[in-house]
Structure formats: C-alpha cells, structure tokens
Amino acid sequence: MKNIILIVVGLIVLMVTVICPFPMMLGISGIVWRVIIGLVGCFSLVLGIYKISSKK
C-alpha cells in the first residue's frame, strides 16, 4: 500500500509541476523550481515502482 502511495504522490507532483507556474523564490527562477520539484516527483514515482517490482 505504501508503494502505491509513493507512485500516486509522484504522479500528482509531476502534474502540479506541469500545470502550476512557480514564482521566483530565494533568488531562483520558476523554471529551476519546476525542474527541482519535477525531479522529486520522478524520484518518488521510480522508487514506488522499484519497490513493487522488487517484491516479486
């Protein structure tokens, strides 16, 4: 169940990254924030899939 939550959170984070514009914060542009948050979403998605596939 925890692995499925990781996959769903990863997908939601990726969708938010695509749709939501991020303002410039802490001197970093919005595009860089999109990349950082997108990488976190990808990591969560891949980790969830890896854990599910390694159990079999």
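**Reading the model step by step**

Analyst: Happy to. Buried residues make up 20% of the 56 residues in the protein. Please keep in mind that this is a predicted model.

User: How many helices and strands does the protein have?

Analyst: The protein has 2 helices and 0 strands. Its radius of gyration is 13 Å, well over the 10 Å that the globule rule gives for 56 residues, so the protein is more spread out than a compact globule. The box filled by the C-alpha atoms tells you about the outline: roughly 45 × 15 × 15 Å along the principal axes.

User: How do I check the length of a helix, say α2?

Analyst: Count residues, work out the expected span, and compare it with the distance between the ends. Helix α2 covers residues 30-55, which is 26 residues, and at 1.5 Å a residue it should span 38 Å; its end C-alpha atoms are 38 Å apart, so the two values agree.

User: Which residues of α2 are buried, and what do they pack against?

Analyst: An α-helix has 3.6 residues a turn, so residues three or four places apart point the same way. In this structure, the buried residues of α2 are Gly 30, Trp 33, Gly 38, Gly 41, Ser 44, Leu 45 and Gly 48. These buried residues pack against α1, residues 2-19.

User: Is Gly 41 buried or exposed, and which residues does Gly 41 touch?

Analyst: A residue counts as buried under 20% relative accessible area. Gly 41, in helix α2, has a value of 1%, so it is buried. Leaving aside residues up to four places away in sequence, Gly 41 touches Gly 10, Val 13 and Leu 14. Gly 41 and Met 15 are 26 residues apart in sequence, with their C-alpha atoms 9.0 Å apart in space.

User: And what does Gly 38 touch?

Analyst: Gly 38 also lies in helix α2 and counts as buried at 10% relative accessibility. Gly 38 touches Leu 14 and Thr 17, again not counting residues up to four places away in sequence.

User: Now from the other helix: where is Asn 3, and what does Asn 3 touch?

Analyst: Asn 3 is placed in helix α1. At 9% relative accessibility, Asn 3 counts as buried. Beyond residues up to four places away in sequence, Asn 3 touches Gly 48, Lys 51, Ile 52 and Lys 55.

User: What share of the contacts comes from residues 24 or more positions apart?

Analyst: Such pairs account for 60% of the contacts with a separation of 6 or more.

User: Let's turn to the outside. Which residues form the nonpolar patch on the surface?

Analyst: Ile 4, Val 8, Ile 12, Val 16 and Ile 52 form the patch, with about 390 Å² of accessible area together. Its largest share, 4 residues, comes from α1. Ile 52 is found in helix α2 and is partly exposed, with a relative accessible area of 31%.

User: How much of the accessible surface belongs to carbon and sulfur atoms?

Analyst: The accessible surface of the protein comes to about 4,300 Å², and 83% of that belongs to carbon and sulfur atoms.

Terms used: Residues are numbered from 1 along each chain as its sequence is written. This is a predicted model: local features need pLDDT of at least 70, side-chain atom pairs count only at pLDDT 80 or more; totals for chains, interfaces and linings use all residues. Side-chain values use heavy atoms; hydrogens and water are left out. The expected span of a helix is 1.5 Å times one less than its number of residues. Buried means under 20% relative accessible area, exposed over 50%, partly exposed in between (1.4 Å probe, protein chains only). Contact means heavy atoms within 4.5 Å. Patches are made of residues with over 30% relative accessible area and no salt bridge: like charges are joined within 9 Å, nonpolar side chains (Val, Leu, Ile, Met, Phe, Trp, Tyr) within 5 Å. Accessible areas come from the Shrake-Rupley method with a 1.4 Å probe; for residues, only the protein chains shown count as cover. A salt bridge is a side-chain nitrogen of Lys or Arg within 4 Å of a carboxyl oxygen of Asp or Glu. The radius of gyration is taken over C-alpha atoms; the globule rule is 2.2 Å times the number of residues to the power 0.38.
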